[in-house]
Amino acid sequence: MIISNNNNSYNTGNLAQLKSYMLVGRRNMKDTGISLQISLIPVNSEQPVHNHEPEQVYFIIRGKGLMIIDEEREPVHAGDAIYIPSNKKHGIKNIGNETLEYLTANAPAFSEEYENRLWHAK
């Protein structure tokens with residue numbers, strides 16, 4: 001059994017715009033078909049718009065955000081789940097007055113190389 005949390009997982013380091021922790025990924029579970037991250041975005045900050053091969057779901061735990069998928073923009077808040085198809089450009093902005101916290105799950109799992117680039121600190 002492997003139990004991971006913010007204290008023992010790889011993370012994005014001390015970025016001003018967000019902090020993300022790779023809870024389940026190829027480095028701690030080599031044969032996984034899914035990866036799971038928890039991310040925190042401070043007030044007045046955002047996750048840059050990006051895209052990748054794995055499809056993804058965001059689940060908002062706390063706060064209020066503006067979800068961007070290609071040209072669409074929709075407000076999201078705690079309890080919302082957002083599906084992102086493969087290769088769609090996406091990102092999220094914190095538009096609330098508290099830290100925006102959300103889980104992301106990807107399938108298939110990100111490659112170990114991709115994880116090493118984005119979640120490099122431990």
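Q: In this predicted model, which strand holds Gln56?
A: Gln56 is part of strand S5.

Q: Why is Gln56 called buried?
A: The relative accessible area of Gln56 is 4%, and the word buried is used for values under 20%, so Gln56 counts as buried.

Q: What makes the link between the side chains of Gln56 and Asn106 a polar contact?
A: The side chains of Gln56 and Asn106 are joined at 2.4 Å, and a polar contact asks for a pair of N or O atoms within 3.5 Å, so the distance meets the cut-off.

Q: In which sheet does S5 lie, and what is the order of its strands?
A: S5 belongs to an open sheet of six strands, which are ordered S1-S2-S3-S10-S5-S8 and pair in the antiparallel sense.

Q: What is the order of the strands in the open sheet of four strands?
A: The order is S4-S9-S6-S7, and the pairing is antiparallel. Strand S4 (46-50) and strand S7 (72-77) are at the edges, because each has a single partner strand.

Q: How do you know that S6 pairs with S9 and with S7?
A: Five bridges connect strand S6 (residues 64-69) with strand S9 (residues 90-94), and six bridges connect S6 with S7; since at least two are required, both count as pairs. Met67 stands opposite Ile92 in S9 and also opposite Glu74 in S7.

Q: What lies between S6 and S7 in their hairpin?
A: Two residues lie between these strands, and Asp70 in the turn has a positive phi of about 50 degrees.

Q: Which residues are closest to the centre of the largest pocket, and how is its lining divided?
A: The largest pocket holds about 320 Å³ of space, and of the 21 residues that line it, the closest to its centre are Leu18, Gln47, His50, Leu118 and Trp119. The lining divides into nine nonpolar, eleven polar and one charged.

Methods. Residues numbered from 1 in each chain as written. Predicted model: local features only at pLDDT ≥ 70, side-chain atom pairs only at ≥ 80, totals over all residues. Heavy atoms only, no water. 1 Å grid on protein atoms, 1.4 Å probe; cavity = no way out; pocket = protein on both sides within 12 Å on 5 of 7 lines; lining within 4 Å. Points joined across faces, edges and corners; volume = space filled by probe spheres on them. Nonpolar A, V, L, I, M, F, W, Y, C, P; charged D, E, K, R; others polar. Buried < 20%, exposed > 50% of the residue type's maximum accessible area, 1.4 Å probe, protein only. Polar contact = N/O pair within 3.5 Å; in protein donor to acceptor, adjacent residues only side chain to side chain.
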